[in-house]
Amino acid sequence: MNPEKDFAPLTPNIVRALNDKLYEKRKVAALEIEKLVREFVAQNNTMQIKHVIQTLSQEFALSQHPHSRKGGLIGLAACSIALGKDSGLYLKELIEPVLTCFNDADSRLRYYACEALYNIVKVARGAVLPHFNVLFGGLSKLAADPDPNVKSGSELLDRLLKDIVTESNKFDLVGFIPLLRERIYSNNQYARQFIISWILVLESVPDINLLDYLPEILDGLFQILGDNGKEIRKMCEVVLGEFLKEIKKNPSSVKFAEMANILVIHCQTTDDLIQLTAMCWMREFIQLAGRVMLPYSSGILTAVLPCLAYDDRKKSIKEVASVCNQSLMKLVTTEDDEPDELKPVVQKLAEPNPDDSPAKQEGTGSGGPEASCDSSFSSGISVFSPAGTERAPVTLHLDGIVQVLNCHLSDMAIGMMTRIAVLKWLYHLYIKTPRKMFRHTDSLFPILLQTLSDESDEVILKDLEVLAEIASSPAGQTDDPSPLDGPDFRVSHSELQMPTAGRGGLLTTPGTKGLECSPSTPTMNSYFYKFMINLLKRFSSERKLLEVRGAFIIRQLCLLLNAENIFHSMADILLREEDLKFASTMVHTLNTILLTSTELFQLRNQLKDLKTLESQNLFCCLYRSWCHNPVTTVSLCFLTQNYRHAYDLIQKFGDLEVTVDFLTEVDKLVQLIECPIFTYLRLQLLDVKNNPYLIKALYGLLMLLPQSSAFQLLSHRLQCVPNPELLQTEDSLKAVPKSQKADSPSIDYAELLQHFEKVQKKHLEVRHQRSGRGDHLDRRVVL
């Protein structure tokens, strides 16, 4: 420093002392400066006061010499003390050089700067609030200072500043929020602690409504929640907890929509605490905001669904996610199925714009994990309208939801509970919004069919519920040509053509929409026949699925849909099946279900008597397909009490190729005859006169069997048939003899018999062709 330079009104002694390396001498100089400035204040000499402050700032505090800088800092603090309440007039000039020294390389000098600023702020009190942002910026740097003395000094200054903010009602929150939003993303542990402490203080001040600006800092708070420091995480938990309490108290003032995507991002993080906290917030948002959250459903589901498959290690997250899922599902109602064009124009103003998403503005720097399934998150709508204005309706973005559900269902690695939840969602959407959902059915249908191969019975049951709803919903039947049943579709997807119904409901020729079954049963929609075709195709391509789950799937479908429609349509499809071996296997499976399942009790009773034209048409339809398997054809005749025709069929068995498989099926039929299903048949053996063809048919089966346990079983049964002469009574001798049950006049049994012979001839040709190629194991019986 130039000793000859004039520093007036500072005396040479003061200047010399300020530059001294000893603190005590600098302190004496500071007392002299304080005395000098007090005189200027008494004289109201603002010019000299400014000159003193400027000299201390430029020539000392910003000097190149470290001792001069220390002297300048203590001198500026002395000025502030001398000015007292008038220091507010000179705060800018007093504060700026001190803040500059916060960046000094010398830790002692940073400490003196902190001390000086403490004295300046202590004197000025509320007058420093217009300069709060620069003070906060400087303090946030000192909070992370490596020197413990500097850090301790900054904490004292920090507490003082907090007291001032708490006492004042002039704090500029709007001007502070941009700085807070910037600093909240600091990765320094101490800086984060500093930020959290300030948010806690501001949240506690009644006159400061930090909740209005929560969307600006929420992402940063969740970032801090993932800090490695246990204390910082705890502090952040407290802050978030306080915000959530306030949200519950004042939901009408909360900007739910602006924070929805932030929660979606953090609900997908790998940090358990962040994920659980974000999920708890999401639960409260859905319950408090209601349908306002619907535009964000796709993002919420992307975050929530995977959590449902968590194990007990993440039980808490799983439970909260389950509540979120159920609450969100309840928000979808039938009003969401209304056409968009019928909704008010203000609806379009309410639809969120993805480009305005807070998550996109802030979330890019948040490091939040990406979703496993792509989905378009929406945001930007106002949650609660200002008083006096009408709230805009909310639109359910079904495309995004279906995309997320489809993605999760397609992922074979996804957990069972998640798959079940996805299927529950699809079922719910088909119930509440059927018209809109059927636009997506063509894309969902393949994956729903594929899900039938799932390992879990629960998943298959839910999947069948969805498929059954698709197949039976009135919304699935359209009168106008559509992609499903238009001309172009039939050309490229001939297997999806709809069969028409004859006068009595018997399926005859293809070419029309819908499947009209017998008048006594409900009509299914256009997707029903498509479902039956593709189900049989899946059974054909996955024989293991047919063996392990085939009966289970069909029985459940008979409970969910009309059993007659299912058997009617499958029989019609199998009639055109080119793979005769599969057709025979499938007919055998259907026949076993028909004869043994409790779900088919009503259908069995309907076929048992053939009293109506509808039941006769059903019998004819089943019979034509059952001809793929000779033994099942006989069992169908036994079920429908067509004993004469059964006898005629058995007579034809002599022309068939008798194989081990054939005899095994005869064996099973004998076992079935002994079951409760055929109790009526066994009782009819008592009426020998009126059931001669039943006895002949059973003897025919006996003659087909080799000497086996089944042969002994049937032989013993036939030995129990009484002598008709022993059963005659006086009344029966006088009575006119009954004839056996008359064949139904509307059924052409001769034509049915010819059809049986034709089908069996095809089977024989196919077996011979396979045998000629060497790919068929000849299982004929060697006599």
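How many residues does helix α4 (residues 66-83) have, and how far does α4 reach from its first C-alpha to its last? In this predicted model, local features need pLDDT of at least 70, side-chain atom pairs count only at pLDDT 80 or more, and totals for chains, interfaces and linings use all residues. Residues are numbered from 1 along each chain as its sequence is written, and side-chain values use heavy atoms, with hydrogens and water left out.

Helix α4 has 18 residues and reaches 26 Å between its end C-alpha atoms, close to the 26 Å expected at 1.5 Å a residue (the expected span being 1.5 Å times one less than the number of residues). Helices are DSSP runs of H or I with at least four residues, numbered from the N terminus. Of the 18 residues of α4, 15 are buried, so α4 is largely enclosed by the rest of the structure; buried denotes under 20% relative accessible area, exposed over 50%, and partly exposed the range in between, with a 1.4 Å probe and protein chains only. Just after α4, Gly84 adopts a positive phi of about 65°.

The loop between α3 (46-61) and α4 contains Leu62, which is partly exposed, with a relative accessible area of 35%. Leaving aside neighbours within four places in sequence, Leu62 is in contact (heavy atoms within 4.5 Å) with Ser57, Pro97 and Thr100. Leu62 and Leu73 are 11 residues apart in sequence, and their C-alpha atoms are 9.3 Å apart in space.

Helix α3 packs against helix α5 (residues 91-101) at an angle of about 15°, with the axes 9 Å apart. The axes are lines fitted to C-alpha atoms over the stretch in contact, and angles run from 0 to 180 degrees between N-to-C directions. The angle makes α3 roughly parallel to α5, a term for angles under 35 degrees. The contact is formed by Ile53, Ser57 and Ala61 of α3 together with Glu93, Leu94, Pro97 and Cys101 of α5.

The axes of helix α6 (residues 107-124) and helix α8 (residues 148-167) come within 9 Å and cross at roughly 15°, which makes α6 roughly parallel to α8. Residues in this contact include Arg110, Tyr111 and Cys114 of α6 and Val150, Leu157 and Ile164 of α8.

For helix α28 (residues 580-596), the 17 residues should span 24 Å at 1.5 Å a residue, which agrees with end C-alpha atoms 24 Å apart. Of these 17 residues, 12 are buried, so α28 is largely enclosed by the rest of the structure. Among the buried residues of α28 are Leu580, Phe582, Met586 and Asn591.

Key
Helices (H or I, at least four residues) and strands (E, at least two) are DSSP runs, numbered from the N terminus. Angles under 35 degrees count as roughly parallel, over 145 as roughly antiparallel, 65 to 115 as roughly perpendicular and the rest as oblique.
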